[in-house]
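Let's walk through this structure together, one question at a time. Have the sequence and the 3D view ready as you read.

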Amino acid sequence: MTDFRAIGKIASYIVLYLGALLMLFPFIWMVSTSLKTTGAVGQLPPRLIPDPISWENYKIVWEKVNFGRYTLNSLFIVAVDMVGTLLSCSLVAFGLAMYDFKLRKPLYIAMLATLMIPFQVTLIPSYFIWKSFHMLDSYYPLIIPSFLGGAFGIFLMHQFIKSLPKELYEAAVVDGYSPMGIFWRIYLPLCKPALSALGVFTFMGAWNNTLGPLIYLQNKKLYTLPIGLLYLKNDSEVSTALLMAGAVIVTVPVVIVYLIAQKQFVQGIASTGLKG
């Protein structure tokens, strides 16, 4: 019986490694292609390890499409979005989890129901709203909504806060803390795993957002990295190697953020379903 268990364990590891390799292969191929010369890209049979390795592609992309400026633009939007989303979602979730007020459940259900509405449905109305405020061709349509909360973020934080002992709140009230003091000093520090998970989701959403900047931004100086990559793709003079170099530049920050916050990200996701 022990031998069968060992064989089954080994087989499961093999399947997992093969699955991980299958998932990583597009990224590996993208990096490999980005380091090839123009002639080596179309070489048959294709080679996974480029020979020679050409780092010139990254330099050309960085200078040709102004990726430096686009990177700063993306970082600015991501930073503001993360601050707005983490602050607004945690604050609303704290209120819904800790306080029993009239229409709390209907409001919570209505908020969750908005998750069923596709983004494309509200796209045109949102565009005309921002147009009426004369905020087109600016970052306002991309960053202001983050300070108004989001259904997914509120749900994630709400479930985590509900899993914390209610006695913490009661003890803080006895000690004379105000509701905001309880939120800032007690609950927010305890919500680091959930905040990390929400932060990763927010970073990925804001960093990879292509449709929003494409609709609201016309000035090239305001473009973000995904729009720069799209602009690079439409350039007939750009080779596949240069396009892959641009894709690597866009992808690497997401990978780095996930690796840094991986432990707390997994912990935050696992903890949100402990108590409804």
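Q: In which loop does Asp 137 lie?
A: Helices here are DSSP runs of H or I with at least four residues, while strands are runs of E with at least two, and both are numbered from the N terminus. On that numbering, Asp 137 lies in the loop between H6 and H7.

Q: What kind of model is this, and how are residues numbered?
A: This is a predicted model, where local features need pLDDT of at least 70 and side-chain atom pairs count only at pLDDT 80 or more, while totals for chains, interfaces and linings use all residues. Side-chain values use heavy atoms, leaving out hydrogens and water, and residues are numbered along each chain as its sequence is written, from 1.

Q: Is Asp 137 buried, partly exposed or exposed?
A: Buried means under 20% relative accessible area, exposed means over 50%, and partly exposed is in between (1.4 Å probe, protein chains only). Asp 137 has 30% relative accessibility, so it counts as partly exposed.

Q: What is the phi of His 134, a residue that is not a glycine?
A: Most residues other than glycine have a negative phi. His 134 is found in the loop between helix H6 (119-132) and H7, and at 73% relative accessibility it counts as exposed. Its phi is positive, at about 55 degrees.

Q: Is Lys 36 buried or exposed?
A: Lys 36 is found in the loop between helix H1 (2-34) and helix H2 (38-41). Contact means heavy atoms within 4.5 Å, and leaving aside neighbours within four places in sequence, the contacts of Lys 36 include Trp 29, Arg 47 and Ala 241. With a relative accessible area of 3%, Lys 36 is buried.

Q: How far apart are the end C-alpha atoms of helix H8?
A: The expected span of a helix is 1.5 Å times one less than its number of residues. Helix H8 (residues 151-163) has 13 residues, so it should span 18 Å. That agrees with the model, where its end C-alpha atoms are apart by 18 Å.
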